[in-house]
Structures are given as C-alpha cells and as structure tokens.
Amino acid sequence: MNAIVTVLGQDKVGIIAAVCALLAKNNVNILDISQTILQGAFTMVMAVDVGKAAVSVDGLREQLDVLGNEMDISIRIQREEIFDAMHRI
Amino acid sequence: MLNHKDILSTIEMIDQQHLDIRTITMGISLLSCCDEFHQKACMKIYEKITRYAEKLVKTGEDIEREFGIPIVNKRISVTPMALVAGASRTKDYVPFALALDAAAKACGVDFIGGYSALVQKGFTEADENLIRSIPEALARTELVCSSVNVGSTRAGINMDAVAMLGQAVKDTAAATADRDGLGCAKLVIFCNAVEDNPFMAGAFHGPGEAERVINVGVSGPGVVHHALQAVKGQSLDVAAETIKKTAFRVTRMGQLVAQEASRRLDTPFGIVDLSLAPTPAVGDSVARILEELGVEVCGTHGTTAALALLNDAVKKGGVMASSSVGGLSGAFIPVSEDEGMIAAARGGTLCLDKLEAMTCVCSVGLDMIAVPGDTPAETIAAIIADEAAIGMVNNKTTAVRLLPAPGKTVGDTIELGGLLGSAPVMPVHPESAAAFIARGGRIPAPLHSLRN
C-alpha cells in the first residue's frame, strides 16, 4: 500500500535526513520524493510504500508526530487514494 | 505520480479552508421492530440499532485518520417512527424517542434522525400520536431529531398538519425554554422530503430504502470561496466553471469515503449528498461565497441570482464525481450556522422575506432562523405553509426549522452552541394569518401539465 508523507514547516538543517531515517528504521521504502522552499517554508512530499513496514501505519503516524513535535514541523501520512480521487479521473 | 502541487492543494483545503466530510450517516430500517407491546418494540429498536451501528463511529474515525480528512459527524437515520410505533397499542410515543436516544448514545453517534411522520396526504392515528409527542420527545432526549413531511408536489399540502406543527414548534420551544428553545433546532417540517438525506435534523430512512445503507454528506464552502478568490472580477461563466471544478474534487473525496465506509461496515453504499453545508467558523460560510460573487452583503438585491448560480454549479460539478447522488444536494442556508449569514442578519440586510426567496433556488429552506418568542403558532404555521407551497409548486424539497426562542425579541441573540451556532432574532410580520390557518383541509396538488 502506498501512502503520501507531507512535511511542512520552517526550513532548517536535517529535516529530510531525520524523516528518511525514521522511515528507513521502520522498513518503509521511499518511491518518490520532491522538496521545495515556498516563501521560506519548507515543503516536502514523499510517496512511500508501507506494505512491508515494520509497524502499522498508525504506529508510523505516532512516530512521525513525535518527530514533528521535536523539530517543530508538521508531518502527516495519508493514504494515496485521497489524492488520486481528488486529482485524477 | 501525483503532482507535488496537487498534494499540497489538498492539504491546504483541509488545513485552511475547512474541507471536511460533514457526515457519514447509516440508514437503518426499523420496520422489523414493530410490536403490539411498545416495551418490546423499544427493546428491538435498541438492539437492532446498536447491532448495525456498533462499529460506525470507530470506522469513521479510522477512515478519518488513515486518509487525513476530518469526518465531522457520524449519525444514524431510521424508518419514520410513526410507521413502527403505529403497530403498538400505546398512544404515548415518547418511549420510542427514549429508545432511539439510548441507542444513539450507546453507539456514540452525534445525532439520530427519524422521529418522523409522513403526512402529506393525510394522518394515520400513529402520525397524530407522533406529532403530539414531539415537544416532550425532543425535551426529554438529547440526540433525537424529528421531522414531518406535510406536503408534496403530487399530494398537495396537508394544512391540518401545518397547523398542528405550528403549535408543535411553539410547544417544543416552551418545553426547552431553559436552553433557548434548543428543541426546535431538532425539528424540521418538510415538503417533498427525500428518503436518503444524511443531514440532520431532517434525516430519516425512507420506507423505500434498503435494510441498511451508508449515505455521506460532503461540505466545503471554504474551498469554493477560496477558489472564487482566484477569479475575482471575471465573468459569471468563469465563476460557475470554477465552482463546478471545485465541487467535483470535493465530491470525489466524498465518494471515496462513502465507498470505504460501505466496504468496512459491510453495508451497501447509498448516496453522496452534494451539499455546501456551512459552519459558524470563519471561512466556512455560504454567505461569504455569495459576497465573493459580488453582492456587497448577503441578502441584498442580486443574492438570489448568485445563490441560483452557486447551487446549480455545485450540482453539475458533483454529479459527475459520484456514482450515486441523492439527498438534498445543493447549498444550505442555515442562518445560525453560517458566520456570514449571522453578520448579514445582524446588520439587518438579510430578512425572512429574502431568505424565503432564496429558498426557491437552493437546497432546503428556512433553516435555523430565530424569530421572536411571542410569535403566534398560526404565524409559524403560515410560514411553514408558504415554504411548503414553494416546494410543492417548484417540485423541490423545502423545509422549515424556526427557533421561536422563549422570552427573546428582535435585537436579542440566541446561543445554541457548537455547530448550531448563534442566531440574531429576526422580525416576522405582525399581521395575522390565523383565519387562513384555521380553515384547515388541504391545498390541492398543482397542475403539472398544460405547461404551454
């Protein structure tokens, strides 16, 4: 199952490294990654495969929440279908 | 691969433009719960609802979390209670309302609708019992919503029912006077009621529906408003196209959630209701969309035309996005639940007569409008009759949900709390329609041939 991880917040050193490390630790494969700075705000969108993840998606969400709080950024993980439904016919 | 911009636009809609699924409503048939003894019928009702809807709230929350889309309400609608209670010997139907309330609380849902009667052509004994019990039923329960269908395009308007309900609205306000007449927020009087509406307070599970079904109501006034800000000053064709595209996206999300809920609950998918349902939150208002289209304040000249455009574009965009569209589908204009409407009413621009005109071109009707507490029952009945006539003649659903707050008068505000919001008390015409209402009988169904 694919999911979309989005990271939004103030740009700082190490955001990508921290998020990728967390995903790797949980055996989540990154399929695609795109990152940009929009008006000073860091935005990153990742497509990930959670099919072989070591924890449930809920468990992953909790870990990402903790990391987001530590780094003062917003990290969310959502199933890909919601974006497909809204933007693909 | 999905586009970075598309993904961020969805996140922005959810975070900043109040995009949400307004409700997942499970419709449950209670026809199998009829019993000669009302205690036994109530036990069957409680058992059936709690069995079918046991996982409704949990499933809604799971979907909410996994997809990252807020689902504001989880609700239940049931067979119009007069059809079920009519089999029992008792004439006191309040125990049926208490059973619904207890079942709703056990399931953890926000509301349960269907304490209802369909009397467009005439009353059964059960219908009369139910209507008489509405004030007490709504005062003694928290989550039960009641509705009565008093007219239809094919049957005309049952004016005896209209008169009874004018009184029932007053009595409900009196019975809940300690809460600013809150009971009236849970009582809707319809013409051409639909059987698959997922929105409260008018939801019920029509007798033509399946054993159980999942209906979903989407929302998104904030998203439409935001999209229109990008086409400021451009022609109305562009505005209509913009609304259509936005409604399409929002509805696709509703369809996805509906299918997912239906699968997980092993319950057939019914319909997606394409409605723009506002909330009192800033940025979630239908009135502000109309103002974005170019009317200075909602309620001034041009408002009805702007609303007609909005309502039609929402349907056109949404209908292509769902495999099955139903319910009320259109823009709602509940005054107390819409920050822009509250402001327009408070400023005096939005009045009852203009709201009546607006209901000719949009979904539903005179909704969540506070009127003075001393408004006579006949005047309320006459307002119901006017609204029902608009629905009957124009072949559309109309409804009335008035709040005659006890002790309150024009200039006061009633506070209902939460999504129900607050409403400035609006004036009604002081001249009486009592003689018209006292006539009783039926307004015949309109002619729908000879259209040339």
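This is a predicted model: local features need pLDDT of at least 70, side-chain atom pairs count only at pLDDT 80 or more; totals for chains, interfaces and linings use all residues.

Student: Which residues of α9(B) and α11(B) meet?

Tutor: From α9(B), they include Ile243(B), Ala247(B) and Phe248(B), and from α11(B), they include Leu310(B), Ala313(B) and Val314(B). By class, this contact has nine nonpolar, three polar and two charged residues.

Student: What makes α6(B) roughly parallel to α7(B)?

Tutor: The axes of helix α6 (residues 125-140) and helix α7 (residues 159-175), both of chain B, cross at roughly 20 degrees and come within 7 Å. Angles under 35 degrees count as roughly parallel, so this pair gets that label. The α6(B) and α7(B) crossing is right-handed. Among the residues that meet there are Ile131(B), Pro135(B) and Leu138(B) in α6(B), with Leu165(B), Ala168(B) and Thr172(B) in α7(B). The contact divides into nine nonpolar, one polar and three charged residues.

Student: How do you know that α7(B) is oblique to α14(B)?

Tutor: The axes of α7(B) and helix α14 (residues 377-394) of chain B cross at roughly 125 degrees and come within 8 Å. Roughly perpendicular covers 65 to 115, and roughly antiparallel needs an angle over 145, so α7(B) and α14(B) are oblique. The crossing of α7(B) and α14(B) is right-handed. Val162(B), Leu165(B) and Val169(B) are among the α7(B) residues in this contact, and Ile380(B) and Ile384(B) are among those of α14(B). By class, the contact has 10 nonpolar, two polar and one charged residues.

Student: Now the two chains. What makes Asp15(B) and Arg76(A) a salt bridge?

Tutor: Their closest N and O atoms are 2.6 Å apart. The rule asks for a side-chain nitrogen of Lys or Arg within 4 Å of a carboxyl oxygen of Asp or Glu, so the pair qualifies. The count between chain B and chain A is four salt bridges, and over all chains the rule gives 32. Between the chains, 26 residues of chain B are in contact with 27 of chain A. The buried area is about 2,500 Å², with carbon and sulfur atoms giving 63%.

Student: What makes Asp58(A) and Arg61(A) a salt bridge, and where do they lie?

Tutor: The N to O distance is 2.6 Å, and the cut-off is 4 Å, so this pair passes too. Both residues lie in helix α2 (residues 57-71) of chain A, three residues apart, about one turn of the helix.

Student: What makes His18(B) worth a look in the backbone?

Tutor: Most residues other than glycine have a negative phi, and most peptide bonds are trans. His18(B) has a positive phi near 60 degrees, and this residue lies in the loop between α1 (4-16) and β1 (21-28) of chain B.

Student: And which residues does a cis peptide bond join?

Tutor: The cis bond joins Met200(B) and Ala201(B), with omega about 10 degrees. Ala201(B) is found in the loop between β6 (187-191) and β7 (212-218) of chain B.

Terms used: Residues are numbered from 1 along each chain as its sequence is written. Chains are lettered from A and ligands numbered from 1 in the order in which they are written. Side-chain values use heavy atoms; hydrogens and water are left out. Axes are lines fitted to C-alpha atoms, for helices over the stretch in contact, and angles run from 0 to 180 degrees between N-to-C directions. Helices (H or I, at least four residues) and strands (E, at least two) are DSSP runs, numbered from the N terminus. A crossing is left-handed if the near helix is turned anticlockwise from the far one by less than a right angle, and right-handed if clockwise. Contact means heavy atoms within 4.5 Å. Ala, Val, Leu, Ile, Met, Phe, Trp, Tyr, Cys and Pro count as nonpolar, Asp, Glu, Lys and Arg as charged, and the others, Gly among them, as polar. Buried area is the accessible area (1.4 Å probe) that two parts lose on being put together, summed over both.
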